[in-house]
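Please read the following note alongside the sequence and the coordinates. The points are numbered so that each can be taken up separately.

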Amino acid sequence: SFGDFAVIYRLHAEARVLESAFAHASIPFRTIGGTGFFEQPEVRAVLKSIQNLATSDVQRFSKFSDVVHTAVEQLTQKKRPVQKPELNTDSCLSRMKRDRLSELELLAEGYDTMPLAQAYRVLLTRAALARPEDDHVSGEAVTLLTAHAAKGLEFPVVFVAGVEEGLFPYLRP
């Protein structure tokens, strides 16, 4: 059963690709620890903003990726004046947020062949399927977790993702 399987990875950042693949294949999964890609505050803010842009300003955009890009620009412009030094644009946290927003923009390019309203619905559906706390996860599901979180747990079948030099074991740049 799905509950017998675990996929272990080194960094939470790797979970995004795995969550996407499992959701696409309609395989139930639960992510232990960390916050899923679509649950990140900046990604959620862009998703909210997309709805307003896609419905109120339809003649302005020809591609869905343009809508997402505009929403990302609006979000980053709002957040530019930062007072806290630990959230400085050069900080690791800010880089991670920019990377997630860039990933969302790349993801949106895959929807450019669809009408805007349909692309928005498909992306929201994908985001909903990627939420580990949704109903589709109740019962048997593949467990996704970091090697650190797996300490002491046992599963009949384990896959280790991202086993390559510099990633597993992790070497900081």
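1. The largest nonpolar core has 24 residues, and those that touch the most other members are Phe38, Val46, Ile50, Phe64, Val68, Leu104 and Leu123. A nonpolar core is here a set of buried Ala, Val, Leu, Ile, Met, Phe, Trp, Tyr and Cys residues joined through side-chain atoms within 4.5 Å, where buried means under 20% relative accessible area, exposed over 50% and partly exposed in between, computed with a 1.4 Å probe on protein chains only. Two or more residues of this core come from each of H2, helix H3 (64-78), helix H4 (92-109) and helix H5 (116-129), and H3 gives the most, with six residues. Helices (H or I, at least four residues) and strands (E, at least two) are DSSP runs, numbered from the N terminus.

2. On provenance, this is a predicted model, in which local features need pLDDT of at least 70 and side-chain atom pairs count only at pLDDT 80 or more, whereas totals for chains, interfaces and linings use all residues. Residues are numbered from 1 along each chain as its sequence is written, and side-chain values use heavy atoms, with hydrogens and water left out.

3. Leu123 is in contact (heavy atoms within 4.5 Å) with Phe38, Leu47, Ile50, Phe64, Leu107 and Tyr111, once its neighbours within four places in sequence are left aside.

4. Not counting residues up to four places away in sequence, Glu42 touches Leu75, Lys97, Arg100 and Leu101.

5. Helix H1 (residues 15-24) is largely enclosed by the rest of the structure, because seven of its 10 residues are buried. The buried residues of H1 are Ala15, Arg16, Leu18, Glu19, Ser20, Phe22 and Ala23. After H1 comes Ser26, which has a positive phi, near 55°.

6. Four strands make up an open sheet with the order S2-S3-S1-S4 and parallel pairing, two strands being counted as paired if DSSP finds at least two bridges between them. Its edges are strand S2 (29-31) and strand S4 (157-160), each of which pairs on one side only. From one strand to the next the twist averages 20°, with axes taken as lines fitted to C-alpha atoms (for helices over the stretch in contact) and angles running from 0 to 180 degrees between N-to-C directions. Strand S1 (residues 5-9) pairs with S4 in the parallel sense over four bridges, and Val7 stands opposite Phe159 in S4.

7. Which aromatic pairs does the structure hold? There are three, where rings of Phe, Tyr and Trp (its six-membered ring) pair if their centres lie within 6.5 Å, and planes under 30 degrees apart count as stacked, over 60 as edge-to-face and the rest as tilted. One of them is the stacked pair of Phe5 and Phe159, at 6.3 Å centre to centre with 10° between the planes; it links distant parts of the chain, since Phe5 lies in strand S1 and Phe159 in strand S4, 154 residues apart. Phe5 is partly exposed, with a relative accessible area of 29%, and Phe159 is also partly exposed, at 46%. Another, between Phe22 and Phe29, is tilted, at 6.1 Å centre to centre with 50° between the planes. Phe22 is buried at 14% relative accessible area, and Phe29 is buried at 0%.
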